[in-house]
Amino acid sequence: MASRSITSLVPEMEEKAKRVKEYCKDKGVVILIYCTMRPLEEQAVLFRKSHDWKFIENKIIKLESRGFKFLADIIKNVGPQKQIKPVTNAAPGESFHAYGEAFDAVPLLSGKPMWKYNDYKIGWDTYAEALKENDLIWGGNFQKKFKDLPHAQLRVGSNPLKLYPSEVIKAILTENGLLNGDD
Ligand SMILES: [Zn+2]
């Protein structure tokens, strides 16, 4: 299960999550952090739900050719999933959620999540401001087809697999107990 607890984040990100919440609160905006850590298996399920087999197979081949067989195996092992409307482009390992370096939050208005920017501009703007203030990267600034407004992360670059070689990725995931390595 994905976690919504900020204690599943790496210490630096946990600290920043607290400060972002405080910053918003001081400006009268309540935010709910609803996702922090998303395990690789869960990301794999979401990924398979989001795409057709041709796309998934291509990703598996690409991952294997780049030394990320341990991630390709996770996509295979979760098995077929009923396809729904795309919720993620990120395969397992391609999102900082699997590393404890990202969280998703939504501003609340009278206790209700305001998912659409236009429904609560001040809330979203305040959230974006709080992230900037804490040197966090906002998904609302991603150059993508759909903007990921709730998403915040520690490092620049939307895809960890493009930042580090496979040995490094494997080491980080193993060290954090996030990969059930068999070798
Ligand atoms: Zn996110």
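Into which domains is the protein chain divided? There are two: domain 1 covers 1-38 + 96-158 + 167-175, while domain 2 covers 40-94. Keep in mind that you're looking at a predicted model. Here's a quick tour, starting with the overall build and then moving on to how the parts meet.

**Overall build**
- If you trace the protein chain, you'll come across seven helices and five strands.
- Starting at the N terminus, those elements follow the order α-β-α-α-α-β-β-α-β-β-α-α.
- The radius of gyration is 17 Å, close to the 16 Å that the globule rule gives for 183 residues, so the protein chain is as compact as a globular protein of that length.

- Twelve residues from domain 1 and eleven residues from domain 2 take part in the contact.
- Together the two domains bury about 920 Å² between them, and 60% of that is on carbon and sulfur atoms.
- On the side of domain 1 that touches domain 2, the residues split into eight nonpolar, one polar and three charged.
- As for polar contacts, two residue pairs link domain 1 and domain 2 this way.
- How many salt bridges cross this interface? The rule finds zero between domain 1 and domain 2.

**Salt bridges in the structure**
- Look at the whole structure, though, and you'll find eight salt bridges.
- One of them pairs E129 with K27, whose closest N and O atoms are 3.6 Å apart.
- E129 belongs to helix α5 (residues 121-133), whereas K27 is in the loop between α1 (11-26) and β1 (30-35), so this pair ties together parts that are 102 residues apart in sequence.

How values were computed: Residues numbered from 1 in each chain as written. Predicted model: local features only at pLDDT ≥ 70, side-chain atom pairs only at ≥ 80, totals over all residues. Heavy atoms only, no water. Domains from an automatic or database assignment. Contact = heavy atoms within 4.5 Å. Buried area = accessible area lost by both parts, 1.4 Å probe. Salt bridge = Lys/Arg side-chain N within 4 Å of Asp/Glu carboxyl O. Polar contact = N/O pair within 3.5 Å; in protein donor to acceptor, adjacent residues only side chain to side chain. Nonpolar A, V, L, I, M, F, W, Y, C, P; charged D, E, K, R; others polar. Helix = DSSP H or I, 4+ residues; strand = E, 2+ residues; numbered from the N terminus. Rg over C-alpha atoms; globule rule 2.2 N^0.38 Å.
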